[in-house]
Amino acid sequence: GGGIGKGAEKGAETLGKRIMQSAIKPTTGDLETGKAQRAIEFMLKEGRGPTEGGIAALRSEGTAIAEQVKQVLAKSNAMVPAAGAENKLLQLANELEGGTLGVTRRKEVMGILKSFLDHPALKGGKNMTVQDAQKMKQLNYQELDDAAYGIGVKPATEAQALKDLTKELKTGIERVAPEVKGLNARGSEIWNAINVAERRSLMEGNKNPLNLGASFAAAAHNP
């Protein structure tokens, strides 16, 4: 009866995930962070395969979403406070300070914080326009993704600090421009799937028809 049906359905779902994972061949890093599982579930739900056509279709939608977000924010006069990101990094610095390398780790976090607070986009060190916050967020995502590909690799603590800061920027943007939250969520799933699907071949330097340059551009488009 119902139990058998549910069991078969679960088995088919598990098999589908295994086939998709085999096709994508995610990196160990993507498996450990959960990005691979997230990408696999999204692509199965969307009925997309990790083929040239499937990835191209996702990239097309992701680029269109990024443009929508850009247009929405272009009309906004909202300001994003720096306090959220500043408090998050101070919290991270305090958490790391108790370790054996605490003094070093704190300096690394505070270095990222200083770069943020000294940025010319901050108006008087307290606020930045939503457009500047969006640009900074996108460039930070690109830098973090470059590090994942082994380009310009940062120390783990600096990468974590930049990641925390960028998440706070994203939260701040969505707080003052809530209409982009749904677009951001959809775009995030799309670009994660693209990056996971392409990361292995890019890291190994394989000849791949999925366009190396376009993959690095994905982070810049990430809404």
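The chain exposes about 11,900 Å², and 54% of that comes from carbon and sulfur atoms. A reminder to myself: this is a predicted model.

**Entry: the fold**

I went through the secondary structure next and noted 10 helices and two strands. Reading along the sequence, I wrote down the order as α-α-α-α-β-α-α-β-α-α-α-α.

**Entry: burial and contacts**

I checked how much of the chain is buried, and the figure is 38% of its 223 residues. Then I turned to contacts with a separation of 6 or more, where 74% join residues 24 or more positions apart.

Rolling a probe the size of a water molecule over the atoms shows where empty space is left. I picked the second largest pocket, which holds about 290 Å³ of space. Its lining has 14 residues, and the closest to the centre are Ser115, His119, Met136, Asn140 and Leu162.

Which elements give two or more residues to this lining? I found α6 (102-117), α7 (130-148) and α8 (156-176). The largest share comes from α7, with six residues.

Last, I sorted the lining of the second largest pocket by residue type: seven are nonpolar, three polar and four charged.

Methods:
Residues numbered from 1 in each chain as written. Predicted model: local features only at pLDDT ≥ 70, side-chain atom pairs only at ≥ 80, totals over all residues. Heavy atoms only, no water. Helix = DSSP H or I, 4+ residues; strand = E, 2+ residues; numbered from the N terminus. Buried < 20%, exposed > 50% of the residue type's maximum accessible area, 1.4 Å probe, protein only. Contact = heavy atoms within 4.5 Å. Areas by Shrake-Rupley, 256 points an atom, 1.4 Å probe, with all protein chains shown as cover. 1 Å grid on protein atoms, 1.4 Å probe; cavity = no way out; pocket = protein on both sides within 12 Å on 5 of 7 lines; lining within 4 Å. Points joined across faces, edges and corners; volume = space filled by probe spheres on them. Nonpolar A, V, L, I, M, F, W, Y, C, P; charged D, E, K, R; others polar.
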